Amino acid sequence: MHNWFQKLFKSTQREQEVTKNSSSLNVSSTTSSASALGSPSTSSPSKLLQSQSVLNSRSRWSRKYDVFVCHSSVDSDSEEAGRLVSFLEASPHGLRCFLRQRDDTPGGAIPTELCEALQNSHLWALLITPNFLQDEWCMYMMHQALAEAPMSARIIPLRQNLSHTQYPQELKFYYYIDLSFNSDRGYSRISRTVLKYLEDLAKSEKTRDCNMDSSGKGLSEENSTKKTS
């Protein structure tokens, strides 16, 4: 009877230890999951505010479009351009894109509309494919962009299904994004490029405002000194 009671006691102890260890593992797992998924981090709100500040800057709204997307009229290229624009215009950033097949005016003068859209866009994404090189309007717009801002970061060449020998010599000094193997990854890089450009615009705007404030204060102090003397 004594031996039976000892066995029962030891069995109960083992069950309690197993339960305790299981509870600690669950707590640890829950904690690590919460850490990975994250309660709202302290940096998230600041990043959100910074992003909103960039998107609401006066410099950004000085032009009608953030990105002018130039592509050939071949169906496959039009579909690729449509997917890119859908990605860029989606939340959270909601970039403003010009897409010819959607945004031009039916019956309008094509050269005039394209040139106006080009001038009213911060950046120009050129979807360069073999079809692009055969499209007179695409080549025309590429040269217009080069004339508008030569050697500028405003031009974003997007290479797709194109060999190195086919790549336009006019763009050989520009950094391009290859969409041939992973379009989604390329779209993300385009989005980051656009946002970085808009961020730099907002910083320049803020610097100009600070300089104007400083010069204004200096003039005010100088006038005050003259009056007192």
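Trainee: Is Arg96 buried or exposed?

Mentor: Arg96 is buried, since its relative accessible area is 14%. Buried means under 20% relative accessible area, exposed over 50%, and partly exposed in between, using a 1.4 Å probe and protein chains only. Keep in mind that this is a predicted model: local features need pLDDT of at least 70, side-chain atom pairs count only at pLDDT 80 or more, and totals for chains, interfaces and linings use all residues. Residues are numbered from 1 along each chain as its sequence is written, and side-chain values use heavy atoms, with hydrogens and water left out.

Trainee: What does Arg96 pair with?

Mentor: Asp66. The two form a salt bridge, with the closest N and O atoms 2.9 Å apart. A salt bridge here is a side-chain nitrogen of Lys or Arg within 4 Å of a carboxyl oxygen of Asp or Glu.

Trainee: And where do Asp66 and Arg96 sit?

Mentor: Asp66 is in strand S1, and Arg96 is in the loop between H4 and S2. They are 30 residues apart, so the pair links distant parts of the chain. Helices (H or I, at least four residues) and strands (E, at least two) are DSSP runs, numbered from the N terminus. Asp66 counts as buried, at 0% relative accessibility.

Trainee: How many salt bridges does a search of the whole structure find?

Mentor: It finds 10. One of them joins the side chains of Arg58 and Asp209, at 3.0 Å, N to O. Arg58 lies in helix H3 (residues 58–61) and Asp209 in helix H9, so this pair ties together parts that are 151 residues apart in sequence.

Trainee: Which residues are in the network with them?

Mentor: Arg58, Glu205 and Asp209 are linked in a network of salt bridges. Arg58 is exposed, at 54% relative accessibility. Asp209 is partly exposed, at 26%.

Trainee: What about Arg102?

Mentor: Arg102 forms a salt bridge with Glu89, and their closest N and O atoms are 2.8 Å apart. Arg102 is in helix H5 (residues 100–103) and Glu89 in helix H4, 13 residues apart. Arg102 counts as partly exposed, at 40% relative accessibility. Glu89 is partly exposed too, at 30%.

Trainee: Switching topic. Which residues have the most contacts inside the largest nonpolar core?

Mentor: Leu158, Ile190 and Val194, in a core of 25 residues. A nonpolar core is a set of buried Ala, Val, Leu, Ile, Met, Phe, Trp, Tyr and Cys residues joined through side-chain atoms within 4.5 Å.

Trainee: Where is His71?

Mentor: His71 lies in the loop between S1 and H4. His71 counts as buried, at 11% relative accessibility. Its contacts include Asp77, Leu99, Phe132 and Cys138, again not counting residues up to four places away in sequence. Also, His71 and Asn131 are 60 residues apart in sequence and 8.6 Å apart in space, C-alpha to C-alpha.

Trainee: Now the backbone. Which peptide bond is cis?

Mentor: The one from Ser91 to Pro92, with omega near 10 degrees. Pro92 is in the loop between helix H4 (75–89) and strand S2 (97–99).

Trainee: What is phi for Met151?

Mentor: Near 55 degrees, a positive value in a residue other than glycine. Met151 is in the loop between helix H8 (136–148) and strand S4 (155–159), and counts as exposed at 57% relative accessibility.

Trainee: And phi for Asn161?

Mentor: Asn161 has phi near 50 degrees, a positive value in a residue other than glycine. Asn161 lies in the loop between S4 and strand S5 (177–178). Asn161 is exposed, with a relative accessible area of 53%.

Conventions:
Contact = heavy atoms within 4.5 Å.
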